[in-house]
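Reader: I would like to learn how to read strands, sheets and contacts in a model like this one. Could you walk me through it?

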Number of protein chains: 2
Amino acid sequence: MDGAARIDEVVTALLAQFAERCSLNRDVRDRHGRGESWHPSQAPDAVVFPSSTEDVSDIVRLCAANGVAVIPFGAGTSLEGQVQAVDGGVCIDLSQMSGIVAVHSEDLDCTIQPGVTREQLNTHLRDTGLFFPIDPGAECTIGGMVATRASGTNAVRYGTMRENVLGLTVVMADGSVIKAGGRARKSAAGYDLTRLFVGSEGTLGIVTEITLRLHGIPEATAAAVAAFPTIDAAVDTVIQVIQTGVPIARIELMDDVSIGAVNTYAGLAMDEVPTLFLEFQGSSASVQEQAETVELLAKENGCAGFVWSDRAEDRAQLWQARHNAYYAGLALKPNAIGLVTDVCVPISRLAECIRETKTDLASCPMPAPLLGHVGDGNFHVCFIMDPDSPEQIAEAERLHHRMVGRALAMGGTCTGEHGIGLGKRDFLVDEAGDGVAVMARIKHALDPNYILNPGKMFNARDRSA
Amino acid sequence: MDGAARIDEVVTALLAQFAERCSLNRDVRDRHGRGESWHPSQAPDAVVFPSSTEDVSDIVRLCAANGVAVIPFGAGTSLEGQVQAVDGGVCIDLSQMSGIVAVHSEDLDCTIQPGVTREQLNTHLRDTGLFFPIDPGAECTIGGMVATRASGTNAVRYGTMRENVLGLTVVMADGSVIKAGGRARKSAAGYDLTRLFVGSEGTLGIVTEITLRLHGIPEATAAAVAAFPTIDAAVDTVIQVIQTGVPIARIELMDDVSIGAVNTYAGLAMDEVPTLFLEFQGSSASVQEQAETVELLAKENGCAGFVWSDRAEDRAQLWQARHNAYYAGLALKPNAIGLVTDVCVPISRLAECIRETKTDLASCPMPAPLLGHVGDGNFHVCFIMDPDSPEQIAEAERLHHRMVGRALAMGGTCTGEHGIGLGKRDFLVDEAGDGVAVMARIKHALDPNYILNPGKMFNARDRSA
């Protein structure tokens with residue numbers, strides 16, 4: 001980069017090339033300066049809507065020549081400040097790159113553009129007998145899921161984006177285009193660039209095409225809801241289910257506070273006790289066998305109400321509370337903002353980790369529902385903060401810090417699925433130690449002028465590595 | 001690196017620190033200069049046997065200070081010239097670092113040193129009800145399997161090393177030590193360094209500790225052998241098994257030439273026709289169901305002999321031919337050397353890819369048994385070459401080149417599991433294109449003086465990136 005960033009030249013050139021597909025509108029820019037988290041908006045100088053890899057390459061090349069930052073944007077559902085334009089620059093909104101490039105149903109894979117949402121993909125796949133299982137809850141784009149290494153409720157059975165991305169097309173920091181991975185089910189050909197880009201949050205390149213693994217829709221699916229007298233009883237059931245090797249498709253926990261929130265939000269009348277939401281998939285016989293095994297384990301742990309169903313409409317009703325959980329939490333206080341934690345620990349430490357967290361929360365001055373993908377050892381506390389209360393924000397951050405310290409001491413991670421963004425940069429240092437310097441060297445090698453989503457993942461001091 | 005490599009200083013210092021754990025013996029050095037492949041030995045100047053991460057760090061620090069190459073070595077079973085000391089230097093033989101650091105059976109993970117072999121690990125796990133499934137056939141070390149992103153017969157069900165390594169301790173090119181990943185089942189914390197090191201063939205760092213996923217030993221296991229009139233019929237069966245979603249544990253193909261080789265080698269009397277070797281795992285009911293489904297598909301494809309058994313001793317006998325395949329191939333000619341290909345294609349192209357390959361082989365002037373992990377679309381041809389015949393070597397290379405070109409045109413890869421080493425560097429360029437320059441930039445960022453396993457993965461010209 002020779003001298004200061006030249007945003008004006010870039011904007012002029014973008015308007016010339018992209019016309020109405022480049023917006024300088026204040027509202028559009030503000031909306032693109034934040035995700036769904038509590039982190040304040042930091043608007044980019046312009047938002048461009050490319051429709052092809054070539055468009056993205058042109059934009060990055062232009063920005064690189066002028067030392068201007070580029071920030072990729074999907075659906076704006078990230079939770080750790082992944083899209084904030086901390087130095088201004090150009091937001092590349094990939095939502096119009098929403099084409100299904102190819103579906104190879106006979107190989108259980110497909111290639112798509114990054115703006116496709118997971119619901120659009122599954123709608124498209126409807127008649128193939130296949131589906132894409134990763135489900136982080138939000139109506140996010142697959143590109144955003146690649147960027148943050150997303151997972152969600154189905155990961156306990158199907159893995160995360162790490163396991164389900166086969167290949168990528170990526171625009172690099174100089175505008176050049178590479179392909180990583182491919183369609184082979186496995187490969188030992190060179191460094192695993194695919195996995196390097198998955199979870200890199202737009203800091204190493206901009207993903208413009210994605211090849212995904214697909215899975216056969218199971219012959220049978222059943223859902224269950226199990227209410228427990230204590231959170232320990234619920235978590236012990238989870239641990240036993242996982243250790244017994246039941247190939248469960250989803251196993252989700254909501255605590256008493258979470259259930260209370262959805263009762264209010266969605267007009268439900270569930271018992272406000274720790275509750276597991278389960279889903280079983282497989283052959284009819286296997287689903288029956290799984291449900292029986294889990295019911296037995298649940299009852300041994302004191303579960304009083306175990307309700308299950310294999311009818312689609314009943315399943316949706318059973319799971320309704322879980323689907324509403326995040327927004328129900330936010331609705332606990334008017335105009336509240338949520339700080340959502342995301343620790344993940346080895347399953348044997350989960351009960352202890354949740355118990356100590358709940359003890360911390362007992363004296364918390366704001367609502368703090370706890371829920372999570374407990375089959376992976378992953379859970380969230382959502383601190384429902386008054387945005388005008390620095391005390392509440394400080395207290396939420398203090399409790400978050402304690403949660404992360406506890407999880408790391410147990411061999412866990414500060415983020416199971418939300419990523420680092422702006423919000424967890426210090427935690428990344430706590431967790432990865434000198435590994436952060438290695439990450440920073442890779443960043444420097446692939447983006448020497450720090451134009452790709454600057455400020456994310458690394459603190460400024462890490463850049464000197 | 002300031003000036004020329006100073007191997008003499010390094011050897012003197014190693015002898016002082018490691019005494020009899022540093023060998024200059026010609027035989028020892030020669031043995032450490034090659035794997036099991038046809039690539040000629042290139043001996044290191046010294047072989048050191050460290051017993052700890054600290055030892056490895058000391059060795060690397062010493063070599064870095066003197067500009068001397070370091071080459072990690074496990075069991076010497078690699079197939080693409082991964083351990084050849086092309087510039088001399090110090091071989092770090094990790095076989096004495098064979099400790100089991102921890103087994104967390106309740107979390108289905110363990111941490112081991114890199115010199116542990118997969119058979120040692122499974123012997124150690126015997127009483128836990130768990131096992132480590134990845135089985136490349138050879139009696140290799142787990143460290144070597146990490147380095148080459150190994151897979152093998154079980155990968156169709158359990159994935160490869162990519163999916164089964166949770167975390168690593170790595171000595172970097174300057175001797176510093178980092179930890180990548182951890183014990184959490186999933187994480188979105190920063191770049192996926194774990195996956196970057198898996199498959200990097202010792203060119204980015206030296207792995208000194210490994211945390212692995214383990215799996216529950218299935219309740220029931222059954223094996224089957226199915227003989228087919230044509231190779232198409234066998235491969236079509238494989239494709240249908242995979243597409244039907246049978247959760248098969250192993251599905252291996254041996255062609256008529258391979259079966260003939262094992263008949264001779266092991267005194268068997270199998271029909272010399274294309275044959276599938278299968279293994280089913282799960283509950284008793286599921287194993288029965290899987291076997292019935294596969295038998296039906298096999299018979300629809302003309303299979304005349306489908307033999308199956310769920311008794312352990314019979315299973316071993318059924319699979320005996322497959323276990324002997326590689327060495328049986330080499331034994332087809334006295335003093336022969338084997339060039340083993342390793343393409344992998346999307347499953348829908350497998351029949352076509354194998355058919356065209358067999359057509360090529362019809363006029364091949366040397367034995368060329370074909371076999372493979374066909375459930376992943378991965379297969380090998382083993383060219384049994386006279387080491388004194390440049391014509392045979394040239395013809396094997398020509399046919400190999402055609403196989404790789406065919407696989408790449410079908411969306412496949414030049415190596416499913418053996419890696420790049422010395423043997424496939426040109427193919428990596430064919431396959432990854434400009435991605436190789438990205439790999440080279442990462443290599444340069446993490447090993448600026450090219451002391452880590454030099455000459456592997458990249459051609460000299462790629463280094464200038």
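Author: Happy to! Two strands pair if DSSP finds at least two bridges between them. Helices (H or I, at least four residues) and strands (E, at least two) are DSSP runs, numbered from the N terminus. This is a predicted model, where local features need pLDDT of at least 70, side-chain atom pairs count only at pLDDT 80 or more, and totals for chains, interfaces and linings use all residues. Residues are numbered from 1 along each chain as its sequence is written, while chains are lettered from A and ligands numbered from 1 in the order in which they are written.

Reader: Which residue is the bridge partner of Ala102(B) in S6(B)?

Author: Thr111(B) is that partner. Strand S5 (residues 100–104) of chain B pairs with strand S6 (residues 109–112) of chain B in the antiparallel sense, over four bridges. The two strands form a hairpin with four residues between them, and Leu108(B) in the turn has a positive phi of about 55°.

Reader: Now the sheet: in what order do the seven strands of the open sheet in chain B lie?

Author: The order is S15-S12-S14-S13-S17-S18-S16, with antiparallel pairing. Strands S15 (305–309) and S16 (337–340) of chain B stand at the edges with a single partner strand each, so one side of each is left without a neighbour in the sheet. From one strand to the next, the twist averages 20°. Angles run from 0 to 180 degrees between N-to-C directions, and axes are lines fitted to C-alpha atoms, for helices over the stretch in contact.

Reader: What joins S13 to S17 in chain B?

Author: Two bridges join strand S13 (residues 250–254) of chain B to strand S17 (residues 370–373) of chain B, and the two run antiparallel. Within S17(B), Gly372(B) is the bridge partner of Leu253(B). Helix H9 (residues 231–244) of chain B packs on the sheet, touching S13 and strand S14 (275–282) of chain B. The direction of H9 makes about 165° with that of S13(B). Here, two residues are in contact if their C-beta atoms, placed from the backbone, lie within 7 Å.

Reader: And how many residues does each chain bring to the contact between chains?

Author: Chain A and chain B bring 70 residues each. On the side of chain A that touches chain B, H18(A) gives the most, with nine residues.
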